[in-house]
Amino acid sequence: MLSNKLYSFITIVGFAISLTFVLTLSIYIKNELSINDTQKNKDRIYRLTREKYSSFAGTTPSRLQTFPEIEKMLRVYDDDAIIGNTNGKMFKIHYLMVDSTFLQIFSFPLLQGNPVTALQSKENIVLSKNLAKKLFGDESPIGKKVIIDTHLPLTVTGVIDDISKTSGFIPADVIMNVHALSDVWGSEEDVLKDEGICNYTIFLLAKPHTNLPGLAPEILKMFKKDFWLYRDGHAKKLGMENLSQTYFSESAGAGLRQNSKKQILIFSVIVLLILLLSVINYMNLTMAQSGFRAKEIAIKKILGSSRKSLIIQHIVETTFLCLLAFAMAVGFSLLIENKFNHLLNTQLRIAENLQTGYLLVTLLFIVLIGIMSGIIPAMLITKLQSVEVIKGGFRRKNKASYTKFLMIFQYIVVIVLIISAFFISKQTRYMSHHNPGYQTHNILSIANDIDADKTTGLRDEFMKIAGVKSVSLTRGAPIDGGNNNTFKYKNKPLSVQVFEVDSAFFDIMKLQVTPTGTAYDKNGIWLNRTAVKEMGLDSLPNYVIIQNKSIPVLGIVNDFNYNSMRQRVGPVFIRQINEKYPWNIIVEIDTDKTSDVLKKLEKTYKDNSGGLPFDYTFFDQKIQNWYENEKRTAMMVKYFAILSIVIAIMGIFALSLFLSSKKPKK
């Protein structure tokens, strides 16, 4: 090492940089694959699934009560709300609505409160640690009152840590009893009994030593008789997915966060390739020194050293270098931890993962790499005849062919990574810059929590702000998918996305509409071209009959993306809002000084809402967020392609430098 300082530096630092990415990404993969592993009942927890979105009615558990194999059941629903305390502090939050069995089925210890009683009553609420800090500071929140959506008082009965750290649940600010849903919505009827609302994820806890998935055919048979979703053919499949499968499931559900197993597979392949490149590069650099080391070994053999002892010496040296590189990699990993977390939208903690058990396994793996990296060059060098080595025969005959083979293989891997990075980046760029079918620049959607009778006045106040071009009141926006309605059409199930809008909506969105020539009617609707095709209508229909009602069709709208390009565009109905409560306020800004306009919009909104939080989303930013997973994958592949190039260049540089230094000087 000391006699070839630059060579040693390149060897060790190059290997350390490679191990940094291997170590960091391996911890990420390990953590992703171990989601839900901390749940004590993980082997007995199942989720009801059907097609791609596994949502069921609130009455589903009552249908399953007759099955003795089921010990406990749980409904999960999630949504946004506003929470405040008695001192007037208010925050926009995301909540989970669950049954009281939540803390018995899942192993989420409370930081404060009793897990048995915390969610027993619909008047109770459990706060996240961060929200409790915002609302009450360092005081204990237990027993204190909070207000949901400015009208529903609840009592704090528990404080919980972030449940998304180790589970497949979304980050939630509060957890409430699902029986409070009607009160949150302000409904006089029990919405849990409304079979038309199928927005609940259903978890089941099986009794020990029972085969709960075996009940799926029997439950499906029962659902086809008395559950309209299956009886009318809107859903056809029913399965039971163990908790270990939920995180990587293709079937989404309320309150769940999920990841792509394809992405994890890609990252795993990258880890193996980078590790392979690093080992090959190290072996190449070892062979670059082979002329010097071969003479050293030949002299030792002449002096009586055995081949076995020389091989062991070489392996020990290689293992020492690998351990040194690993120690540097741990330091590098800690330095890039924040950048890595930002890139992959994760909460990775390197130091927490390098605990005794994991560290010992990792060190054992590094030692194994050291042995594998050193044994081939050692065996190759030590098998040669000492006299031939001293004459320089090894350098002339053996070293070149061996090094060329490794270098060619290394180049192949590098080229494959570069090509993969190019095509993945190109595909991601195409998706994120694809025209969704409506205007997105300087358009924002504001979440509306103001009473319906005040929204018209708020719209007028918004229009007075300099830089605001137009304002539309809607129920659903193209970036959130609107509402989903399912009904029978011509004896077949039809699922449509519904947007309810006012007259300004079409001007703001710049949707391409073909009029049908039908006279204006306040009950008239617009259909997208996919709806016209799937409903078997003429290209310009004047009306459509739905559930024995004739509805005027005012125009045909060109298809637009209300979800990412991963999902196909389905049938769309656009209705007129007609004095209904709008939950979106769409604003078009006619200026580049968006920050100034946003401040004025926020002030106007708070003045008219009594200080409610101002929650908005820009259309173009939301569309970019649709492709975050693809962007992260593309960026990681790009980084690893660059790393593979750097590894190759460092290897070539060290090899060239070493060979040139051995040439005789004239």
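Across the whole structure, a search finds 31 aromatic pairs. Such a pair is counted when the ring centres of Phe, Tyr or Trp (its six-membered ring) lie within 6.5 Å; planes under 30 degrees apart count as stacked, over 60 as edge-to-face and the rest as tilted. The model is predicted, and local features need pLDDT of at least 70, side-chain atom pairs count only at pLDDT 80 or more, and totals for chains, interfaces and linings use all residues. Residues are numbered from 1 along each chain as its sequence is written, and side-chain values use heavy atoms, with hydrogens and water left out.

**Aromatic pairs**

- A pair of aromatic rings is described by the distance of the centres and the angle of the planes.
- F56 and F223 form a tilted pair, with 6.5 Å from centre to centre and 50° between the planes.
- This pair links distant parts of the chain, 167 residues apart: F56 is in the loop between β1 (45-49) and α2 (60-63), and F223 is in helix α6 (residues 216-226).
- Helices (H or I, at least four residues) and strands (E, at least two) are DSSP runs, numbered from the N terminus.
- Both F56 and F223 are buried, where buried means under 20% relative accessible area, exposed over 50% and partly exposed in between (1.4 Å probe, protein chains only).
- The rings of F422 and F423 have centres 5.2 Å apart and planes at 80°, so this pair is edge-to-face.
- F423 has 51% relative accessibility and therefore counts as exposed.
- One aromatic cluster is formed by F102, F106, F108, F169 and F203.

**Charges over rings**

- The charged end of R50 sits over the ring of F56, 6.0 Å from its centre; the criterion is NZ of Lys or CZ of Arg within 6 Å of the ring centre and within 35 degrees of the ring normal.
- K134 lies over the face of F91, 5.7 Å from the ring centre.

**A buried glutamine**

- Q263 belongs to helix α9 (residues 261-288).
- Because its relative accessibility is 5%, Q263 counts as buried.
- The side chain of Q263 reaches the backbone oxygen of N629 at 3.4 Å. A polar contact is a pair of N or O atoms within 3.5 Å; within protein, one must be able to donate a hydrogen and the other to accept it, and residues adjacent in sequence count only if both atoms are side-chain atoms.
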